[in-house]
Structure formats: C-alpha cells, structure tokens
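This report concerns charged side-chain pairs and nonpolar packing. The sequence and the structure are shown first, and the discussion follows.

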Amino acid sequence: MRTGRDTQGPRITLEVPVIGVGMGTSEYEGLNRYVDSLRKPQGLHMTLLHIGILDHLGRDIEAWTKGNTLAVEALPELVAWLTELPVLEGFLGKSDRLIPLGGGRISGLEVDVPQEVHDYQTLLLQGLHVVLDGLGLDNLDDFILSSPALGYRSPRWVPHIAVGKTRTRHEPPMEIAPVAIEFGDSRIRNRQTLPTL
C-alpha cells in the first residue's frame, strides 16, 4: 500500500552553485583516485538550507500542530519567506578534506567558507524558526530535527559538496591536497515549481 510519503515531488533547497574547482577540470577529475562515480562538475553545489518536498513539509507541520495549522495554510507562508530571501553573493572557499555523507555512502568535500557564509546560513535557520513559530509550532528545534521533509541529521551545519560515492561503506575522513572552490550567487533549486502566491 502506498502512502502520501511515497509521492515524490521536486526537492526545494537554497544552495550555491560551484563555478569552478581548482585550476580546471583535470584537478577536479583527480578526485577519481579517492571517490567512485565522480559527479559531473557542472552539477556541483553546496546546500545552505534543505526544505525538502513542500507537500511533505506541510504535512509534517500539520501533524506537529495536531491539525491546528493545516498544510494549505503553512505552504504559502513558507513560499513567501523563501522567495523574499536576500541573495548571497558568490564567494571563494577551499577544501583539503573528503568526508563521508549520507550515512557513509556519499563522499563530499568539506569546505572552508568565509564567515559571512556561516552568518547567512545562521540567518536562514533563524528565519525558518520565525516562520514556523508564526505557524503555531512549538519546540521548534525538535521539529526541525525530526521532520522527515527537512531531513536534518545534526543541528550543526558542515559546509560541503557531495562529489561521488565512497569507496567503502565506512570510509574515514581523508586529507587531500588543498583545492580552491569558486561559488556563484545563492539560488532556490526548483524555484520554478513553487506555487504562485
């Protein structure tokens, strides 16, 4: 039997695209010696805030408030907040470490980013708190960490770029030669699928 959770939809994230890694394609492709199924460089990005499938988040909110806030009431508020967020301008970062992600199945570059990027990500989370509070949710940190739609595994944000699959299931973090990474302006992934207000 299928449930509402099985229905897939576009995942909404606030992210920054990767414009360049190192001195060119060959430096990025050099990660092949550490990573299986290296992702194409043109699809690389760093997630600043994961919202997930909007309908699922709406149902999570409705369940958390025991029906006091309906999903159809919550979604317009979330979309309005998302689309009014200021843009984070492009920046430079660097990485010298590969870390396991996704329960150890994915390999990612842990990225050292400027303080203003950390500040921006903190403001995003604070803004999400304000929106959820306005929707009548209590115990906001508990909701954020337990909502399947939001998908948080830890309250601490680690800037990273998923680059491929780990070679083994329990791959430890690995030091690599430092590589510079250029990021573009922040954007909403799948923005075109957001409902119009």
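## Salt bridges in the model

A salt bridge is taken here as a side-chain nitrogen of Lys or Arg lying within 4 Å of a carboxyl oxygen of Asp or Glu. The structure discussed is a predicted model, and it holds five salt bridges by this criterion. In general terms, side chains of opposite charge can pair when their charged atoms come close.

## The pairs formed by glutamate 15

Glutamate 15 forms a salt bridge with arginine 187, with an N to O distance of 3.0 Å. Because glutamate 15 belongs to strand E1 (residues 11-21) and arginine 187 to strand E7 (residues 187-189), this pair ties together parts that are 172 residues apart in sequence. A salt bridge also connects glutamate 15 with arginine 189, the closest N and O atoms being 2.7 Å apart. Here too distant parts of the chain are linked, since arginine 189 is in strand E7 and glutamate 15 in strand E1, 174 residues apart.

Is glutamate 15 buried or exposed? Its relative accessibility is 1%, so glutamate 15 counts as buried, under the 20% limit used for that class. Arginine 187, at 38% relative accessibility, counts as partly exposed. Arginine 189 is likewise partly exposed, with a relative accessible area of 31%.

## A salt bridge between two loops

The side chains of aspartate 36 and arginine 167 form a salt bridge, at 2.6 Å from N to O. Aspartate 36 lies in the loop between helix H1 (25-29) and strand E2 (45-53), and arginine 167 in the loop between strand E5 (160-165) and strand E6 (174-183), so the pair ties together parts that are 131 residues apart in sequence.

Aspartate 36 is partly exposed at 30% relative accessibility, and arginine 167 is partly exposed with a relative accessible area of 39%. As for shared partners, salt bridges join Glu15, Arg187 and Arg189 into one network.

## The nonpolar core

In soluble globular proteins, nonpolar side chains tend to be buried together. In this model, the largest nonpolar core has 53 residues. The residues with the most contacts inside this core are Met46, Leu48, Ile51, Ile61, Ile161, Val163 and Phe183.

Which residues does isoleucine 161 touch? Leaving aside residues up to four places away in sequence, isoleucine 161 touches Val18, Leu44, His45, Met46, Ser107, Gly108, Leu109, Val111, Ile181 and Phe183.

Conventions: Residues are numbered from 1 along each chain as its sequence is written. This is a predicted model: local features need pLDDT of at least 70, side-chain atom pairs count only at pLDDT 80 or more; totals for chains, interfaces and linings use all residues. Side-chain values use heavy atoms; hydrogens and water are left out. Helices (H or I, at least four residues) and strands (E, at least two) are DSSP runs, numbered from the N terminus. Buried means under 20% relative accessible area, exposed over 50%, partly exposed in between (1.4 Å probe, protein chains only). A nonpolar core is a set of buried Ala, Val, Leu, Ile, Met, Phe, Trp, Tyr and Cys residues joined through side-chain atoms within 4.5 Å. Contact means heavy atoms within 4.5 Å.
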